[in-house]
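Please open the model in your viewer and keep the selection panel at hand. The stops below are arranged as a tour.

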Amino acid sequence: MTSLSHDISKLTLNNNFSSSSFQNVSSEDLKTSGYKSKPFSGRSKQLEAVMDQIDSAGFIPENLIERETKWFYNSLGIDDVYFGRETVDGIVSHIHALYSAKLDAYSRGVFDKPFLHHKREGEDHAVYFETSNYNDISNETHEQRIDDRYLDNNNLDTKYRVESFTSPLIFGSNKNSNDINIRCHFVYKNSFAKDKVDWTTTDLSLIGDSTFLEITSDHTKKLYGEVIGEAVKTTGPVIKHFSIAHSNESRVIIGYRTKTSPRYNSALTTLCDFYKLIINRKYVENFANGVTVISMYISQRDHTDASDLSIYQVIKEASLLYSIPNNFFQDQFVKSELSLQECIYAHCGSIFVTHFLNRLGPEYNSLLSLLDPSKSIAHAEVLAKLRERLRSETFTQSYILEILKSQKNIVQQLYRQFADIHYIQSSIEKTLSYQRLTQIPPIENDEDFENILNRSYPQNEHHSLVLRALYTFNKAILKTNFFTPTKVAISFRLNANFLPRTEYPETPFGMFFVVGSEFRGFHIRFRDIARGGIRIVKSRSLDAYATNLRNLFDENYNLASTQQRKNKDIPEGGSKGVILLNPGVAQDNPKDSFVKYIDSLIDLLIDNRIAGVKEPIVDLYKKPEILFMGPDENTAGFVDWATLHARQRGAPWWKSFFTGKQLGGIPHDEYGMTSLSVRAYVEKIYEKFNISDKQITKFQTGGPDGDLGSNEILLSKGENYYAIVDGSGVIVDENGIDKNELIKLAESRKMISFFDKKKLSPKGYIVLVDDTDIRLPNGHIVINGTNFRNTFHLKIKEIFGPDKIKLFVPCGGRPNAIDTNTVHDWIDEKTGKCIIPYIVEGANLFITQSAKLILEKAGALIIKDASANKGGVTSSSLEVLASLSFNDEEFYSNMCLVDGKRPDFYKQYVKEVQKIIVKNARMEFDALWVLRETTNKPLAVLSNELSVAINKLGDELAASKELWEDELFKNKVLKSALPELLLNKLGYETIIQRVPEPYLKAIFATKLASSFIYTNGMDANPATFISFYKNFK
């Protein structure tokens, strides 16, 4: 093996700061810690007072008082800041605590184990003392408590700074005591000149804490200034380091966005412990602009010069640690059983296994062949429920983790297989991680892996299943940012061929898997060029989180599949991204998770190399990829950031990356794009049945605060609302909810909790989720408001009777809210009829397909989601077309705000988009209506068949070289597909030169396919298409 000391200078370990940060710095400054003691003039008098009070207490023997007191004052490295702020009583209590702990340890003979955990906490400051040695680092530390209570507590607006010191603890002549250190932590409330400062402000005099500004040297201020200057320009951590002159210490300085990596501070200590390094001093500084800087002074445990390799490993892994500071295998890490890379690999792998372990077995497949779900609704639902139970109960996440932790040797082998493929071999042979890796036997191939399993666990089927699933994870990874020097979350591009066809009939074209410290997420697309929104899923309780976790991937897959059917009128296929927030503080900070999700995806989409920051990755896919995204649940406010961030990262497609943005985009909620198609279907129903909207009594899920809910209210004209359910609760009024008050809430985007109760009639009431024991006008008592809200949609018959509500428009709510187990609550037992005759599914997947078929059989007219809510994707597609057609200058002048105003072109383009949305919806309704009358099939079936027919024909036409090369025909089709306003503005030739050819082909094929199917139906023969082709030509 190559000598580890060979050419180590190439690793640039000694200093990675800019040269300007070391200009005009005196040699004396370079020798110091950079923190100068804040003189406390009363120190001597205070020390005397402390000794007098200790003497009066009589607990410490008189001959030891001076030694214990001076040891506390002079040997622990405690700064005068502490003595200047602490009272005599406080110092005495700390000295007593330390002495009593030593006395107790002496009496029990436990010098070789940590024995002190002393703390005193307040709102403005806190003090902690703890002992530790390096043979026992598994106990929870005070640093973790400091993180949870002071540094990462999202319930606190206050910021704090922390000073930590490590010193050896000596017991007289006891030799073993040298192995034990005492760690002192001092927490102080920040004092800023201004508490709220803009993120981009980097002037330390404006953003620094008053104590920090007073006690730091000019050189330290320079170093912090450089780190902060870089931190405000990036999403991840900025990691800098240098060796301190004439010292055995190295200094590592890390800057990052405050509260974006929970317990990162304490995790860094664990990382140093793992590599046998000691943190002599550590400072955590919070700044008013939202940047946190951690400065660590590191040396070897034996106080020799810090090993270059150890320091390099800490620097290298600090970014990985930032991404996931607390992993499922933390215990194995602190005990040095697994390295950090192995732990985080296993953490990500265990999440993959939790979602994708095939638990159904051959018995389920046999049952599937006996009970054909395509021929029986009951069979389909029984199989779905059985599948859900098998997948959720057979292997829980805790059981999977238990298995992986018990099989750490094979986990290490699988990590090596992963690293051998995805780590670019440069200087790896010199690192400590490589030394460790070379000791692990490699896995050569599938046969080798099976032999390992058979030798190790021949009789344990469960263990083998879990380990095979982790092996499948390795084989599915096409590229990852795992080994990129800086990152904010771990992302993987997967080959989706591992998905079983029995569960997922159509294999996605592309699949991304992302794991962060506060979330997990997926992105699925069914075509290379595909479009769909990114949604964030929140959980109100641990039970809700468990349900959302269990359904996460299936929800993402079904949403993307629905999007694929919905996108039949546009060139892009269907995609969707879903981010599930972890329980706890992540629920209140969704943007942090969104930022990490997007940034880690961009890591895999662009080749933007920055030495030491973004290095090349191994790309087994070997093709360029672009993802087209848009807003969805809980993400509408973040799309502008995503667009600008893509531009900052150097993505050439930044203008088209996200739609619905303010920056040159068409916000769906502002212009009601999705609601326009929903309303088009509602109004077509009124036309068909000659109904006046004033005759309609209406129920809606999704309230006036949301995109769909608010716009549905604003567009609903004369309809009478009887009930609305939203995130805050339920509002009911059998005399009709006051429409003016609803419009007022919709315009201001406020929940029904803000509804003026004076506007309710005697039959009206509001029940909010936090309400308990509420008496309704009919005398019924609502015990729990949350349960009432969650199940209200199943109580329509009970509350209103079987024929009161005429129209239901779900504009929000969780998927599968109505399935075959609950659908009977919507059917009148006496007549067998659906209690609501008209249903237009604005929210995706609100009603399962099986339940839709039951309701249609019971007489309901149902427009399913893939047909009803396609207005948003149409708007997004036309927005992307404009961004691809304009150059940057034209894009800014025609699509972006100019002096705070929308350009005239933008206003006209929005109107044209709105007209196209309504036209497409009405055209599809007419096609579905004809098919319904000629085939007698349910609309829920016909909607799917229509989408499949258009998409299938579109794929075939896109592959037709003959049609594409017919220039006259191609130009005629494209001109008919392109918006007239855009053609007039730029001209046809300019557009086709600028828009990528694959995108033009998709426009061409989609226009032809949708026009043909809408006009001629799904069963038209080739002769019909030839006639259509000639007429079009």
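This is a predicted model: local features need pLDDT of at least 70, side-chain atom pairs count only at pLDDT 80 or more; totals for chains, interfaces and linings use all residues.

Residues are numbered from 1 along each chain as its sequence is written, and side-chain values use heavy atoms, with hydrogens and water left out.

**Domains**

Colour domain 1 (19-326), domain 2 (328-359 + 394-478), domain 3 (673-869) and domain 4 (937-1032) separately; such bounds come from an automatic or database domain assignment.

**Domain 3 against domain 4**

Select these two domains, whose C-alpha centres are 37 Å apart. Here 10 residues of domain 3 are in contact with six residues of domain 4, contact meaning heavy atoms within 4.5 Å. About 600 Å² is buried between domain 3 and domain 4, 57% of it on carbon and sulfur atoms; buried area is the accessible area (1.4 Å probe) that two parts lose on being put together, summed over both. On the domain 3 side, helix 31 (849-857), strand 24 (861-863) and helix 32 (865-868) each give two or more residues. Helices (H or I, at least four residues) and strands (E, at least two) are DSSP runs, numbered from the N terminus. The largest share of that side, four residues, belongs to helix 31. Between domain 3 and domain 4 the rule finds zero salt bridges, a salt bridge being a side-chain nitrogen of Lys or Arg within 4 Å of a carboxyl oxygen of Asp or Glu.

**Lysine 576 and aspartate 632**

Next, select this pair, whose side chains form a salt bridge (2.5 Å, N to O). Lysine 576 is in strand 14 (residues 573-581), and aspartate 632 is in the loop between strand 15 (628-631) and helix 23 (639-648), 56 residues apart. Lysine 576 is buried, at 3% relative accessible area, and aspartate 632 is also buried, at 17%. Buried means under 20% relative accessible area, exposed over 50%, partly exposed in between (1.4 Å probe, protein chains only).

**Arginine 535**

Arginine 535, in strand 13 (residues 530-537), has contacts that include Lys576 and Asp632. Is arginine 535 buried or exposed? At 4% relative accessibility, arginine 535 is buried.

**Glutamate 86 and arginine 120**

Finally, show the salt bridge between the side chains of glutamate 86 and arginine 120 (2.4 Å, N to O). Glutamate 86 lies in the loop between helix 4 (80-85) and helix 5 (88-108) and arginine 120 in strand 1 (residues 117-121), so the pair ties together parts 34 residues apart in sequence. Glutamate 86 is buried at 7%, whereas arginine 120 is partly exposed at 31%.

Definitions and conventions
Lists of a residue's contacts leave out its neighbours within four places in sequence.
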